[in-house]
Amino acid sequence: MLRIAVIPGDGIGPEVVREGLKVLEAVAGPTGLEYETAEFDWGGERYLKQGEVRPDSALDILRQFDAIYLGAVGHPDVPVGLVERKLLLDLRFGLDQYVNLRPIKLYPGVWTPIKDKGPEEIEFVVVRENTEDLYVGTGGFAHYGTPDEVATQVAVYTRKGTERIIRYAFELAKARGKRKRVTVVDKSNVLTYGHDLWQRVFGEVGEEYPDIEKDRAYVDAACMWMVKNPEWFDVIVTTNMFGDIITDLGAMIQGGMGVAASGNINPDGTSMFEPIHGSAPKYTGQNKANPIACIAAMQMLLEHVRAAEAAERIDKALTSVLASGKIPDLSAGKCPPTSEIGDMVAAAV
Ligand code: IPM
Ligand code: MN
């Protein structure tokens, strides 16, 4: 019995999660998948009502599940960053989900802003480190609010953290068996301590994988290549902050936030799957958001828990629905109603 913790979150989160669960239900019958879900009302809405984003016991509760399905976080009436930290970052860090896996995959029939590139060329994965870097929250102020103010925000990299994410990327390139290339994306020409560590560890771990090509790109150049020659990439491994930035770019070249999904993975613990998009408050409750990204996140979840047949069916259903031309525009407000897109995918599985 597969046990899934569901955190719909804020804004359009609940609407897109509903469609992902609809597709899960549709695929469970024919594949004989047995599952149960438990829903948690954590997020900005709860904070406004009860003064807390989530209970203190959240991590212990979530550890009891096989996987977590998250909609979206962020609420316009809650101080900026609060829900992001208490829900998203605390879970990523607390459950040690050290991999943020972000496939950049152009489905057939989906429009990309990149001229002359198609599904053959746009098919790679970003392995974003998910527990270190500028996200650790180390730093502070001195002389706050005065003309002499100093603010620091410290990027933290550990050898263990760097090694495990780089090893994950090499293993992934091996398992994919495609272009067999890992590109480390950093800024080691300027960040001569932290990213020097990354470069050294990349070289060391890379030696264990003689059949995988080792490639290196500075983050600014990587942005250029992602647009100019996306076919060059197979697996990109990068730091938390750069991974955050380049995966928004990646989302755009695969057709937009409407399709981009991700997994926060702890290979030895409980992992969490979510669309890359935010809570899009202006579309809340209007049935206007595109649930494809959230459905794709469910597909990743099922793949992760080794419900291979169910995952494959969802992938094929997404491919056929997108290729059918029934969703000519993937953006929120311009796509067909949220629930109708969910129905289409559910029917196709
Ligand atoms: C993401 C988001 C988060 C991040 C924010 C909401 C904290 O942008 O998942 O990419 O920076 O990781
Ligand atoms: Mn982001």
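This is a predicted model: local features need pLDDT of at least 70, side-chain atom pairs count only at pLDDT 80 or more; totals for chains, interfaces and linings use all residues.
Some housekeeping: residues are numbered from 1 along each chain as its sequence is written, chains are lettered from A and ligands numbered from 1 in the order written. Local features need pLDDT of at least 70, side-chain atom pairs count only at pLDDT 80 or more, totals for chains, interfaces and linings use all residues, and side-chain values use heavy atoms, with hydrogens and water left out.

So, which residues surround ligand 1? They're Glu84, Leu88, Arg92, Arg102, Arg128, Tyr135 and Asp244, where being near takes a heavy atom within 4 Å. Helix α4, residues 82-94, gives the largest share of that shell, three residues. (Helices are DSSP runs of H or I, at least four residues, numbered from the N terminus.)

Now the oxygens: one oxygen atom of ligand 1 sits 2.7 Å from a side-chain N or O atom of Arg92. For Arg102, that kind of distance is 2.9 Å, and for Asp244 it's 2.9 Å too. The protein covers 76% of the 320 Å² of accessible area that ligand 1 has on its own (Shrake-Rupley method, 1.4 Å probe).

Over to the helices. α7, residues 219-228, and α8, residues 240-253, pack at about 10°, axes 10 Å apart. They're therefore roughly parallel, meaning an angle under 35 degrees. On the α7 side, the contact (heavy atoms within 4.5 Å) includes Val219 and Met226; on α8, Phe242 and Ile246 are among the residues.

Key: Axes are lines fitted to C-alpha atoms, for helices over the stretch in contact, and angles run from 0 to 180 degrees between N-to-C directions. Helices (H or I, at least four residues) and strands (E, at least two) are DSSP runs, numbered from the N terminus. Angles under 35 degrees count as roughly parallel, over 145 as roughly antiparallel, 65 to 115 as roughly perpendicular and the rest as oblique. A polar contact is a pair of N or O atoms within 3.5 Å; within protein, one must be able to donate a hydrogen and the other to accept it, and residues adjacent in sequence count only if both atoms are side-chain atoms.
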